[in-house]
Amino acid sequence: MRKLLTTFVVLSLIMLIVAGCAAPTPASVPDAQAAVCTALATLKTAVGKLGTITADTTIAEVQTMQKGIDTAVEGVKTAAKAVPEAKIDGVTAAIDGLQSTVKAISPGDTLGDAAASITTSVQGVETAIQETQTTLSCK
């Protein structure tokens, strides 16, 4: 009887160890898709903030907004890895264009001078995000 109990305990421990070492199950497709949609919405919000600049906005404020966009882009890239049909190339290309526009602002420029080109770039990013959201049927 004692041998049977010992065998049972040992087998139970082995099963617990094996179960604990198993790879975690990946998120379901709807959950993964929802994560991409959420990340895209976060990016759209961050980009929208940059679209509200005025001549009174400081370069430091624009740089802070750009950091928020960079963080949101990484969130989109990470979430999209789990969803093969999440084609984010258009979004990343539009973001690259926006970043180039922001980086092109020289210290002597006023943001009033750059606002029009930044707004145009922001609109391009928003369009790319909307297209990706439509493809994924984001709500």
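Lys77 has a relative accessibility of 34%, so it counts as partly exposed; that class lies between buried, under 20% relative accessible area, and exposed, over 50%, with a 1.4 Å probe and protein chains only. Glu74, at 46%, is also partly exposed. This is a predicted model, where local features need pLDDT of at least 70 and side-chain atom pairs count only at pLDDT 80 or more, while totals for chains, interfaces and linings use all residues. Residues are numbered from 1 along each chain as its sequence is written, and side-chain values use heavy atoms, with hydrogens and water left out.

Back to the pair. The side chains of Lys77 and Glu74 form a salt bridge, at 3.9 Å from N to O. The term requires a side-chain nitrogen of Lys or Arg within 4 Å of a carboxyl oxygen of Asp or Glu. The structure holds one salt bridge. Why can these two meet? They sit three residues apart in helix α3, so about one helical turn separates them. In an α-helix there are 3.6 residues a turn, so residues three or four places apart point the same way. Helices here are DSSP runs of H or I, at least four residues long, numbered from the N terminus.

Next, the core. A nonpolar core is a set of buried Ala, Val, Leu, Ile, Met, Phe, Trp, Tyr and Cys residues joined through side-chain atoms within 4.5 Å. The largest one has 36 residues, and Leu43, Leu50, Ile69, Leu98 and Ile118 have the most contacts inside it. Two or more residues come from each of α2 (29–50), α3 (59–80), α4 (89–103) and α5 (111–135). The largest share, nine residues, is from α2.

Which residues does Leu50 touch, beyond its neighbours within four places in sequence? Among them are Val62, Ile69, Leu98 and Ile118, where contact means heavy atoms within 4.5 Å.

Now α2 itself. Its buried residues include Ala32, Leu43 and Leu50, and the buried residues of α2 pack against α3, α4 and α5.

Last, α4. This helix has 15 residues and reaches 21 Å from first C-alpha to last, close to the 21 Å expected; the expected span is 1.5 Å times one less than the number of residues. Buried in α4 are Val91, Ala94, Ile95, Leu98, Gln99, Thr101 and Val102. They cover an arc of only 160° around the axis, which puts them on the same side of α4; the arc is taken from the directions from the helix axis to the C-beta atoms. On the other side, Asp89 and Lys103 are exposed.
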